[in-house]
Amino acid sequence: MPPIIRLLMGLNFCSLSSGSSGNCYYLGNEFHGILIDAGISATSIRKFLKDMGISMQTVMGVLITHNHIDHIKGLELLTRKYSIPAFTTHKVWQSILSPQKKISTDCIRKIHLQEKFHLADFDIEAFPVCHDAPETIGFHICAGNKKITIVTDLGHICQTASQYIKVANLLVIESNYDEQMLENGGYPYYLKARIRSDHGHLGNHQTATFLADNINDDLNYICFAHLSKNNNTPELVLQTLERTFSNKGITLKGQPQISILSRNTPTEMINLNE
Ligand SMILES: [Zn+2]
Ligand SMILES: [Zn+2]
């Protein structure tokens, strides 16, 4: 069967870009899709989706986590050129909207924290996470019997976020920096402190420890997201994960499947029905 046909069947997830230079994730089935964040240009989003055989017309909305540019760079054009509705909380909208930002007002949709809403074939819930923006949210998305949780920018995993993370079948979670690389690297002290703080980003050890303590049979896929260009490598993420799991007596036997999301290129589509 040609790959393009296979991609359009069932529920699929992929990352178009993940990291401080741009975040954008796609979730869709054979009928509809949604984007999570628009941190790369709308032109790149359209091109990447087209390369996978997905038309922009099937994208029913974009969910926005917070106002940092690596999450909203393409938002203006997605709303103005493609009329794609954008969903986030009142507080996040307040931090995005300004006279300079030309978001199409017809596309502004306000959602409430921890209140389910329906979009295309998806039931979606936003929940708060700790990060240094006026408000930052993660998303928990249910499609049929599959549950997807996405948390890309957070300094620590609070009780609320952990409830959504623990029930996911597919988890997209930040693993931003290797603690040693950050410590020994050339960033100024204030920046190191910001990244490490409870409102900064998750380090490899932090993420791996949380996963080792909370792993369960329902978790089929883990996608490590938002890796730092200067303070991390995919190899270090995996090494830290293996070491942390082995210290706690856990062996990974191909379940859950693990992906490290690339910073600048789309990853292979994950079919959640397989
Ligand atoms: Zn970010
Ligand atoms: Zn951020």
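**Salt bridges and a zinc site in a predicted model**

**View 1. The pair Arg80 and Glu76 within helix α4.** Arg80 and Glu76 are four residues apart, about one turn of the helix, and both belong to helix α4 (residues 75-80); helices (H or I, at least four residues) and strands (E, at least two) are DSSP runs, numbered from the N terminus. The model is predicted, so that local features need pLDDT of at least 70 and side-chain atom pairs count only at pLDDT 80 or more, whereas totals for chains, interfaces and linings use all residues. Residues are numbered from 1 along each chain as its sequence is written, chains are lettered from A and ligands numbered from 1 in the order in which they are written, and side-chain values use heavy atoms, with hydrogens and water left out. The two side chains meet in a salt bridge at 3.6 Å, N to O (a side-chain nitrogen of Lys or Arg within 4 Å of a carboxyl oxygen of Asp or Glu). Arg80 is partly exposed at 43% relative accessibility, and Glu76 is partly exposed at 23% (buried means under 20% relative accessible area, exposed over 50%, partly exposed in between, with a 1.4 Å probe and protein chains only).

**View 2. The salt bridge between Asp51 and Lys47.** The closest N and O atoms of this pair are 2.7 Å apart, and because the residues are four apart in helix α2 (residues 42-51), about one helical turn separates them. Asp51 counts as exposed at 53% relative accessibility, while Lys47, at 45%, counts as partly exposed.

**View 3. The salt bridge between Arg194 and Asp132.** Here the side chains meet at 2.4 Å, N to O. The pair links distant parts of the chain, 62 residues apart, with Arg194 in helix α8 (residues 189-196) and Asp132 in the loop between β8 (122-129) and β9 (136-143). Arg194 is partly exposed at 30% relative accessible area, as is Asp132 at 31%.

**View 4. The site of the zinc ion (ligand 2).** Its protein donors, 2.2 to 2.6 Å from the ion, are His66 (NE2), His68 (ND1), His131 (NE2) and Asp153 (OD); donors are N, O and S atoms within 2.8 Å of the metal (3.2 Å for Na, K and Ca), and since water is not among the atoms, sites may look incomplete. Asp153 coordinates both this ion and the zinc ion (ligand 1), the two ions being 3.4 Å apart. His66 is buried, with a relative accessible area of 0%, whereas His68 is partly exposed at 21%.
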